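This report describes a two-chain protein model.

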Amino acid sequence: MPQWLSTANYGAQQNTNLPADLPKAVRLCQRPLIKQICFLPLHLLATFRQPSTLIAPPGEKFIIMKDYLVYMSQAHMGFRRAELESLAEMHGFSVDLSGLSEKSPFFVVQLENDEQAAQLIRRSVLSRAIYELWGQGATLADLHADVKQRSSALISKYKQSTFKFDIVSYQGSRKSREQQLALINSFAFLAFEGKIKMKNPDQIFAILEAYSIVNQEPAPQPDYMYFGREVEVSERSRGVLERHEIAKRPYYGTTTFDAELALVSCNLAQTRAGQLIYDPFVGTGSFALAAAHYGAFAYGTDIDFRALKGKGPSRRLATNFEKYGTSHLFGDVLCMDFTHNAFRKNLLFDSIVCDPPYGVREGLKVCGTNREERFEGKEKIIIDGEYAYLRRDFIQPKKNYSLDLLLDDLLQFAAERLPVNGRLCFWMPVANDQDIPTLVPQHEKLQLVYNLVQEFNKWSRRLLVYAKRDANYKGTTITSQERGLQNDFRNRYFHRFK
Amino acid sequence: MKFLTTNFVKCAVKSCDASELSFPLKYEECELQLQEHDFNPEFLISMLPRLNWDAIVQVAADLGNTTLPSTKPEGIEDNEQMLKDLHSLLLETQIINGKMTCRHCGHIYYIKDSIANFLLPPHLANS
């Protein structure tokens, strides 16, 4: 062990930087808070019985990062990094996700402690769980060796805990009970002294394996193995997708937005308790329900009164909130033309999450009329001593509107109504052969932070995420006029994208 | 529509944007209903900075409640009775049916089946 790694020795040279000849495993970097972060492999941590006794140079603080293993879901691959980054940012830390790749559901990440690990994963929809990493290796023998080395520093805290073992196998074939037991028993060298408890143990230790598929069969041996202590499981692993399944809702419609991606959208919008969120095209309310699931107070508006009214008193949006036990987070739904918005100008929304209507089914409409001559003078019609347009039963006519203009309106609204760092997340459909970058709207007060793609056969749907920045920020503005190109998705859809 | 929402909405007509009279709307012929919700003081406290007190007082008066102090009381956060009263007024009071009129342009909006309708007729929307 290098000399300088002993606590006493380092304390003696506290006013100098760490020596230049650091082993590769130890990295130092600077963070804005003038904290120094020290990445120590866990087996070296054993040197410092109590890491807090490390003496940092004046005005600086050492943070010892630990290795954690994240187990991802292999769904919506293109959205996974953005989800975790957004959740970390929401909790006030940054995270290096360079280990995340599409090839494997497992990757190692460095975090300060279990609390950060839990914050990163707890409400994630596209990951499954996070583990404190106790070892890894290409073979069981390698894994054992690594666990033996690293666990010496970790085990004392858990020696007496009640525990159980889990085997997590990605793409592996089913193991017999004997095979499972043999695998678990091969870790007997850890010599835990606590009781084994299958229900609610203090700790869950997991053996995780990733297999390749060869000739449509799982390979006989895993490509790679990990061992870890479970720190937190994700919202997905707790069954949110089953609970939010659209067909099980009292109220849904043909255009109800996918529950999984609605929850992901709300994670990217960083919606949380104490916030006010707004879906301007609420329809049957998937985004409002997802926002309330994460504790935010949800408002929705829609131009279609029938969608808001639902299918009777026990089958409307409020009923869905009741089903999920979030009635107290259901603000209101109002019938409103987004382009003639009735929310007072100084009301801020913490985030805006929506799927603007591109009108495949009904065409995109706003209030007004395309045939002004037909309505000319009609505002003067009086029925029973009242202006007809002021009567309770008056039906407001609607006119066609373009998706491009609506998106300009949406960005302008977000620029005016979001607080600094508040996010606008919306979905935009595009035909694949269009020059897509030219179709993405921009506003100088909003920074485009993500442009994520969900591919379909001849078209794709993009989740665009913008963050409102402070007064010093000046980005570019690209309105529909500057975009020049028309996003005539609806027309293309009906012509089968020819 | 919750009473709370009356604190968020104004007249939708664009030419009313600049007028202070367009918020709050004037509430008349309202049918009210009390819908119970669990009392959640933290949530109410988080909403307090967003509220316009004058508008709460004005709309409450429209609906026949003149018991509210005319200026926002200090320290609502620590006043449990006040929070409970606000909970009942803002979150539990529903307007099931009613009429909302803009004090600036006189346009009338209706609340039907608890849902407020802010859609505009062509001569007000096209301008």
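## A covered helix in chain A

The buried residues of α8(A) are A259(A), E260(A), L261(A), A262(A), L263(A), V264(A), S265(A), C266(A), N267(A) and L268(A). The model is a predicted one, and in it helix α8, which spans residues 259–268 of chain A, is mostly covered, with 10 of its 10 residues buried.

Just after α8(A) comes Q270(A), which takes a positive phi of about 60° although Q270(A) is not a glycine. Q270(A) lies in the loop between α8 and β11 (276–279) of chain A. Its relative accessibility is 5%, so Q270(A) counts as buried.

## Overall make-up of chain A

Chain A contains 15 helices and 21 strands. Of its 498 residues, 53% are buried. Among contacts in chain A between residues at least 6 apart in sequence, 74% join residues at least 24 apart.

In the model, the span of residues 66–236 of chain A is 25% helix and 32% strand, and its end C-alpha atoms lie 24 Å apart.

## A buried cysteine

C354(A) belongs to strand β14 (residues 351–354) of chain A. With 0% relative accessibility, C354(A) counts as buried, because the cut-off for that class is under 20%. Leaving aside neighbours within four places in sequence, C354(A) is in contact with D279(A), P280(A), F281(A), F287(A), L410(A), C425(A), F426(A) and W427(A).

M428(A) is 74 residues from C354(A) in sequence, and the two are 9.8 Å apart in space, C-alpha to C-alpha.

## Backbone features in loops

A positive phi, near 45°, is also found at N200(A), a residue other than glycine. N200(A) sits in the loop between α6 (177–185) and β7 (203–210) of chain A. At 67% relative accessibility, N200(A) counts as exposed, whereas Q270(A) counts as buried.

In chain B, the peptide bond from F23(B) to P24(B) is cis, with omega near -5°. P24(B) is placed in the loop between α1 and β1 (26–34) of chain B.

## Salt bridges within the chains

Over all chains, the count comes to 27 salt bridges. In one of them, D114(A) pairs with K66(A), the closest N and O atoms being 3.9 Å apart. This pair links distant parts of the chain: D114(A) is in helix α4 (residues 114–121) of chain A and K66(A) in strand β3 of chain A, 48 residues apart. D114(A) is partly exposed at 23% relative accessibility, while K66(A) is buried at 17%. Strand β3 of chain A covers residues 61–72. The side chain of K66(A) also makes a polar contact with the side chain of E132(A), at 2.7 Å.

E232(A) forms a salt bridge with R238(A), with the closest N and O atoms 3.6 Å apart. E232(A) is buried, with a relative accessible area of 15%, and R238(A) is partly exposed, with 36%. In chain B, the side chains of K84(B) and E80(B) meet in a salt bridge of 3.0 Å, N to O. K84(B) and E80(B) are separated by about one helical turn because they are 4 residues apart in helix α4 (residues 80–92) of chain B. K84(B) is partly exposed, with a relative accessible area of 37%, and E80(B) is partly exposed at 48%. Salt bridges that share partners join K66(A), D114(A), E132(A) and R229(A) into one network.

## The interface of chains A and B

At the interface, 41 residues of chain B are in contact with 45 residues of chain A. The two chains bury about 3700 Å² between them, 59% of it on carbon and sulfur atoms. In chain B, R50(B), I115(B) and L119(B) lose the most area to chain A, together 19% of what that side buries.

Across the interface there are 3 salt bridges, including one between D113(B) and K309(A) with the closest N and O atoms 3.9 Å apart. Polar contact is found for 17 residue pairs across the interface. On the side of chain B that touches chain A, the elements giving two or more residues are α1 (3–6), α2 (41–47), β2 (93–101), β3 (108–112), β4 (115–117) and α5 (122–125) of chain B. The residues of that side divide into 22 nonpolar, 12 polar and 7 charged.

Conventions: Residues numbered from 1 in each chain as written. Chains lettered and ligands numbered in written order. Predicted model: local features only at pLDDT ≥ 70, side-chain atom pairs only at ≥ 80, totals over all residues. Heavy atoms only, no water. Contact = heavy atoms within 4.5 Å. Buried area = accessible area lost by both parts, 1.4 Å probe. Salt bridge = Lys/Arg side-chain N within 4 Å of Asp/Glu carboxyl O. Polar contact = N/O pair within 3.5 Å; in protein donor to acceptor, adjacent residues only side chain to side chain. Nonpolar A, V, L, I, M, F, W, Y, C, P; charged D, E, K, R; others polar. Buried < 20%, exposed > 50% of the residue type's maximum accessible area, 1.4 Å probe, protein only.
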